[in-house]
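Here are some questions and answers on charged side chains and their pairings. The sequence and the model come first.

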Amino acid sequence: GAFHDDLNSCSKLNNPDEVQEASVRLQEFLHDKIDEYKELALHTVFLEPSMFYFNSIGDTAMEGDVDVHGANSYLAVLLSTLGVKMNRHPFLHDELKGIVN
């Protein structure tokens, strides 16, 4: 894809401006991939198991709250304990629901 084309063209860079531009593009690409990976991890580790649990006990209201209220709680825990910053920020004054405790 485009990333591999950019990577192949890096070996042909001769002037510092081209090198700087390639470096910026690589950093942007990596930041996007890391953000995607963190979002996937949030869903895999916290949100999907919570929804599965609430579904399995028949609590459809709490299952529906996981994506919004539960996500806020889990994001707040990740930020406050591990310093993990996500693309979306927790609403710290939200109700505590949609989480498994």
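**Salt bridges in the predicted model**

Q: With which residue does R25 form a salt bridge?
A: In this predicted model, the closest N and O atoms of the pair are 3.9 Å apart. That falls within the 4 Å cut-off, so the contact counts as a salt bridge. The partner of R25 is E21.

Q: How many residues apart are R25 and E21 in helix α2?
A: Helix α2 covers residues 16-56 and holds both R25 and E21. About one helical turn separates them, because their spacing in the helix is four residues.

Q: Is R25 buried, partly exposed or exposed?
A: Buried means under 20% relative accessible area, and exposed means over 50%. R25 has 39% relative accessibility, so R25 lies between these limits.

Q: Which residue meets E36 in a salt bridge?
A: Both side chains of this pair belong to helix α2, three residues apart, or about one turn of the helix. The N to O distance is 3.4 Å.

Q: What is the relative accessibility of K97?
A: K97 forms a salt bridge with E95, with the closest N and O atoms 3.8 Å apart. E95 is partly exposed at 49%. K97 also counts as partly exposed, and its relative accessibility is 22%.

Q: Which residue is linked with E95 and K97 in a network of salt bridges?
A: E95 and K97 form a salt bridge with each other. The network that links them also includes D65.

Technical notes. Residues numbered from 1 in each chain as written. Predicted model: local features only at pLDDT ≥ 70, side-chain atom pairs only at ≥ 80, totals over all residues. Heavy atoms only, no water. Salt bridge = Lys/Arg side-chain N within 4 Å of Asp/Glu carboxyl O. Helix = DSSP H or I, 4+ residues; strand = E, 2+ residues; numbered from the N terminus. Buried < 20%, exposed > 50% of the residue type's maximum accessible area, 1.4 Å probe, protein only.
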